[in-house]
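Thanks for coming, everyone. Let me walk you through one structure. Please have a look at it first.

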Amino acid sequence: MTAKIAYDAVEVGTELPAQSFPVTRATLVQYAGASGDFNPIHWNEKFAKEVGLPDVIAHGMFTMAEAIRVVTDWVGDPGAVVEYGVRFTKPVVVPNDDQGALIEVSAKVAAKLDDRTVRVDLTATSAGQKVLGMSRAVVRLA
């Protein structure tokens, strides 16, 4: 696959389509199985509260992975992501109900770089709080 977005067609400030990602306790169990991360703060409410958390929280790497989907869906090729990094600022709290939590992600092109790459800055929130800080990706375009 190759990027479907042309470098020359993108300007600084170009907004990527925003997306929302639902997270339930079942999602966390599935991710734990896939990743091998069975830390009880991600599935055991009693344990999470005993260690000072408000409730079960989503895995940080899961949150990070959901956020970059905005970029990979936009560019059309996950392999076009050259670099990606975040700081975890707040946890995604996942209540034990039918709703769960929602991770809302927006992104925009912040800079055009060399070699047909752009820097995309992402904003990820849940329950009105920013859950990722300094969330940036460098993406090679067509």
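A word on terms before the tour. Two strands pair if DSSP finds at least two bridges between them. Helices (H or I, at least four residues) and strands (E, at least two) are DSSP runs, numbered from the N terminus. Now the ground rules. This is a predicted model, in which local features need pLDDT of at least 70 and side-chain atom pairs count only at pLDDT 80 or more, while totals for chains, interfaces and linings use all residues. Residues are numbered from 1 along each chain as its sequence is written, and side-chain values use heavy atoms, with hydrogens and water left out.

How many strands does the open sheet have, and in what order? It has 5 strands, in the order 1-3-4-5-2, with antiparallel pairing. Strand 1 and strand 2 (81–88) are the edge strands, and each pairs on one side only. On average, neighbouring strands of this sheet are turned by 20° against each other, direction ignored. For angles, axes are lines fitted to C-alpha atoms, for helices over the stretch in contact, and the values run from 0 to 180 degrees between N-to-C directions.

Now go pair by pair. Strand 3 (residues 101–112) and strand 4 (residues 117–126) run antiparallel, joined by 8 bridges. Here, Ser 106 has Thr 123 in strand 4 as its bridge partner. The loop between strand 3 and strand 4 holds Asp 115. Phi of Asp 115 is positive, near 60°, and this residue is not a glycine. Asp 115 counts as exposed because its relative accessibility is 60%. The cut-offs: buried means under 20% relative accessible area, exposed over 50%, partly exposed in between, with a 1.4 Å probe and protein chains only.

Next, strand 4 and strand 5. They pair in the antiparallel sense over 8 bridges. Arg 119 has Val 138 in strand 5 as its bridge partner. The two strands form a hairpin with 2 residues between them. In that turn, Ala 127 has a positive phi of about 55°.

Then strand 2 and strand 5. They run antiparallel, with 6 bridges. Tyr 84 stands opposite Ala 137 in strand 5. Val 86 lies in strand 2. Val 86 counts as buried because its relative accessible area is 18%. Val 86 and Arg 136 are 50 residues apart in sequence, yet 6.5 Å apart in space, C-alpha to C-alpha. Contact means heavy atoms within 4.5 Å. Leaving aside neighbours within four places in sequence, Val 86 is in contact with Met 64, Leu 132, Gly 133, Met 134 and Ser 135. Take Met 134 from that list. Met 134 is in strand 5. Its phi is positive, about 50°, although Met 134 is not a glycine. Met 134 is partly exposed, at 44% relative accessibility.

On to the helices. Which side of helix 1 (residues 25–35) is buried? The buried residues are Arg 25, Thr 27, Leu 28 and Ala 32. They cover an arc of only 150° around the axis, so they sit on the same side of helix 1. That arc is taken from the directions from the helix axis to the C-beta atoms. On the other side, Gln 30 and Ala 34 are exposed. Strand 1 (15–23), helix 2 (45–50) and helix 3 (60–75) are among what covers the buried residues. After helix 1 comes Gly 36, with a positive phi near 80°.

Helix 3 lies across strand 1, strand 2, strand 3, strand 4 and strand 5 (129–140). It runs at about 145° to strand 1. Thr 72 is in helix 3, and counts as buried at 16% relative accessibility.

Now the core. A nonpolar core is a set of buried Ala, Val, Leu, Ile, Met, Phe, Trp, Tyr and Cys residues joined through side-chain atoms within 4.5 Å. The largest one has 36 residues. Leu 16, Trp 74, Val 105, Val 120, Val 139 and Leu 141 touch the most other members. Helix 3 gives the largest share, 8 residues.

Last, the record. The unreviewed UniProt entry annotates residues 13–122 as "domain: MaoC-like". Such annotations may be inferred rather than shown by experiment, feature names are shortened, and positions follow the numbering used here. The end C-alpha atoms of residues 13–122 lie 12 Å apart.
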